[in-house]
Amino acid sequence: MPDSLTGLMGFEEFLSQAGAEICSNQKPYLIAAADVGDFHYINTEYGYDIGDTVLKDIGDFLRMFLPNMVCGCRSHSDHFIALICIQDVDSERVFREVKRLKELLKNIVAKNAKGVSPNLNVGIYFLSENENNIVAAVDKANIARRTCKGNYNLPCVVYSEHLMDLKENSAKILPIFDDSFRKESIRVYLQPKISSETKKLVGAEALSRLVDAEGNIIPPTKFIAALEKTGKIVDLDFYVLTFVCKLIRKWIDAGIEPVTISFNLSRVHFYNASVVEDICKLAEQYNVPPQYIEIEVTESVFFEASEMIVSKVHKLREYGFKVSVDDFGTGYSSLSLIGVLPVDVVKLDKSFVKESLKSERGNELMKGVIRILNEIQLEIVCEGVETHEEEKIVTSYGCDEIQGYLYDKPIPTDEFENKYIH
Ligand code: C2E
Ligand code: CA
Ligand code: CA
């Protein structure tokens with residue numbers, strides 16, 4: 001039976017048509033599986049009618065803009081699957097094409113549902129020749145789709161056997177996180193930020209670590225994505241913020257003038273209506289003046305440019321917290337947008353810094369970026385500075401603060417206090 005909302009076929013019919021197609025033809029195909037990121041949020045914030053409009057638009061979009069689509073369906077709720085015939089297409093090309101199509105879809109939706117900018121999570125599976133198990137192929141596209149959630153710099157994820165390893169990693173990590181959270185044994189490390197002018201400590205970033213049963217430290221690269229997918233990142237970030245508040249309170253009580261400590265606020269928080277109040281409450285509970293706390297928000301969050309996100313960030317700043325754009329230069333950067341964002345600090349990502357320092361043009365680019373950011377009164381932190389030479393260069397370009405292995409890696413709090421706090 002066709003789906004009455006979108007006019008696309010239903011899942012059963014799709015399986016039967018797509019199955020017949022791949023069995024009877026020897027053409028190259030891919031399966032694309034997609035769902036709308038934070039669809040639940042669109043429904044609750046904008047209403048179910050707008051949610052329906054988005055789904056209808058996606059249905060029309062698939063019919064009109066995927067000319068090589070053999071068949072496509074809405075399998076359930078906000079999930080769509082398509083079988084696409086491909087000629088001479090590799091992953092690179094698919095990445096570019098998906099990126100273009102996603103932008104196009106956003107423009108179409110923006111016309112019918114004002115303020116909504118849906119981001120599709122897209123998983124791709126390339127069928128191999130003679131492969132005729134459609135159900136297994138759809139499963140693989142769905143595994144890739146789920147991995148796409150939280151990978152905001154990627155237009156889509158292409159299935160590979162390696163994804164199965166990632167899934168296994170999540171299964172191992174989550175119980176360790178739950179256990180450490182319950183026992184309050186998550187470690188919070190601090191990495192100093194040093195003034196490029198005075199070479200003195202001006203702040204630090206709080207970064208979390210897990211410890212496994214054998215006492216090995218597990219770095220965030222191994223657990224952040226899994227926590228974002230399950231929403232548990234919200235618990236982690238509040239754990240870190242609580243730790244930071246207690247630490248600053250302790251310093252104030254000891255008569256020490258605190259430096260500003262930053263923590264990372266995952267994008268997942270912005271879909272929680274009370275996030276601003278929750279953060280303010282915590283600072284109040286420990287009686288910590290907000291200027292000692294800085295909130296790092298990764299740049300791709302801002303470049304969805306949703307009014308809802310910008311207004312929350314604005315409120316946090318109005319309350320007195322400092323706000324920084326983290327990971328600047330990793331993909332979405334737009335100087336014109338930065339200019340209108342309610343933020344105090346821009347953190348140049350270590351990959352951007354490293355890449356820029358490699359060539360003359362890169363150096364010129366970074367110099368120009370820092371100059372422009374300076375002109376609009378933003379503070380600039382350079383991450384990933386590892387040598388005196390690099391420090392000298394970025395300082396001469398006008399960078400205000402250095403965060404990098406040159407001074408210290410993220411270190412346990414007691415070590416940090418011994419070294420920097422007197
Ligand atoms: P980030 O926010 O960009 O943090 C900086 C990362 O760069 C840290 O990695 C730090 O160790 C690394 N780094 C700093 N200086 C250098 C350098 O000179 N050379 C090199 N090679 N690396 C340097 P870390 O601690 O492994 O954290 C990775 C990412 O995990 C962080 O990137 C942040 O996005 C995320 N993260 C860590 N803790 C939390 C947390 O509690 N909550 C959330 N939401 N994210 C977290
Ligand atoms: Ca950060
Ligand atoms: Ca960063």
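Visitor: Hi! How are the donor residues of the calcium ion (ligand 3) spaced in sequence?

Guide: Hello! Their spacing is D-D-x55-E. Donors here are N, O and S atoms within 2.8 Å of the metal, or 3.2 Å for Na, K and Ca, and water is not among the atoms, so sites may look incomplete.

Visitor: Before we go on, how should I read this structure?

Guide: This is a predicted model, where local features need pLDDT of at least 70, side-chain atom pairs count only at pLDDT 80 or more, and totals for chains, interfaces and linings use all residues; side-chain values use heavy atoms, leaving out hydrogens and water. Residues are numbered from 1 along each chain as its sequence is written, while chains are lettered from A and ligands numbered from 1 in the order in which they are written.

Visitor: Thanks. Which protein donors does the calcium ion (ligand 3) have?

Guide: They are Asp326 (OD), Asp327 (OD), Glu383 (OE) and Glu383 (OE), at 2.3 to 2.7 Å from the ion. Asp327 sits in strand E11 and Glu383 in strand E13 (residues 379–383), so this pair links distant parts of the chain, 56 residues apart. Helices (H or I, at least four residues) and strands (E, at least two) are DSSP runs, numbered from the N terminus.

Visitor: Is Glu383 buried or exposed?

Guide: Glu383 is buried, at 10% relative accessibility. Buried means under 20% relative accessible area, exposed means over 50%, and partly exposed is in between (1.4 Å probe, protein chains only).

Visitor: What coordinates the calcium ion (ligand 2)?

Guide: Glu205 (OE), Asn264 (OD1), Glu296 (OE) and Asp326 (OD) do, at 2.1 to 2.3 Å. Along the sequence, these donor residues follow the pattern E-x58-N-x31-E-x29-D. Glu205 belongs to strand E7 (residues 201–211) and Asp326 to strand E11 (residues 322–328), so the pair ties together parts that are 121 residues apart in sequence.

Visitor: Which residues does Asp326 touch?

Guide: Not counting residues up to four places away in sequence, Asp326 touches Asn264, Glu296, Val297, Thr298, Glu299, Lys347 and Glu383. Contact means heavy atoms within 4.5 Å. Take Lys347: from Asp326 it is 21 residues away in sequence and 5.0 Å away in space, C-alpha to C-alpha.

Visitor: New topic: helices! At what angle do H8 and H9 cross?

Guide: The axes of helix H8 (residues 233–253) and helix H9 (residues 275–285) cross at roughly 25 degrees and come within 9 Å. Axes are lines fitted to C-alpha atoms, for helices over the stretch in contact, and angles run from 0 to 180 degrees between N-to-C directions. H8 and H9 are therefore roughly parallel to each other; the cut-offs are under 35 degrees for roughly parallel, over 145 for roughly antiparallel, 65 to 115 for roughly perpendicular, and oblique for the rest.

Visitor: Which residues of H8 and H9 meet?

Guide: Phe238, Leu241, Thr242 and Cys245 in H8 meet Asp278, Ile279, Leu282 and Ala283 in H9. By class, this contact has six nonpolar, one polar and one charged residues. Ala, Val, Leu, Ile, Met, Phe, Trp, Tyr, Cys and Pro count as nonpolar, Asp, Glu, Lys and Arg as charged, and the others, Gly among them, as polar.

Visitor: And how do H9 and H11 lie, roughly parallel or roughly antiparallel?

Guide: H9 and H11 are roughly parallel. The axes of H9 and helix H11 (residues 307–319) cross at roughly 20 degrees and come within 9 Å. In this pair, Val275, Val276, Ile279, Cys280 and Glu284 of H9 meet Lys312, Lys315, Leu316 and Tyr319 of H11. That contact has six nonpolar, no polar and three charged residues.

Visitor: Last one: where is Asn287?

Guide: Asn287 is in the loop between H9 and strand E10 (293–298). Its phi is near 55 degrees, a positive value in a residue other than glycine. Asn287 counts as exposed, at 54% relative accessibility. Asp38 also has phi near 55 degrees, and Asp38 is partly exposed, at 34% relative accessible area. You can find Asp38 in the loop between strand E1 (29–36) and helix H2 (39–46).
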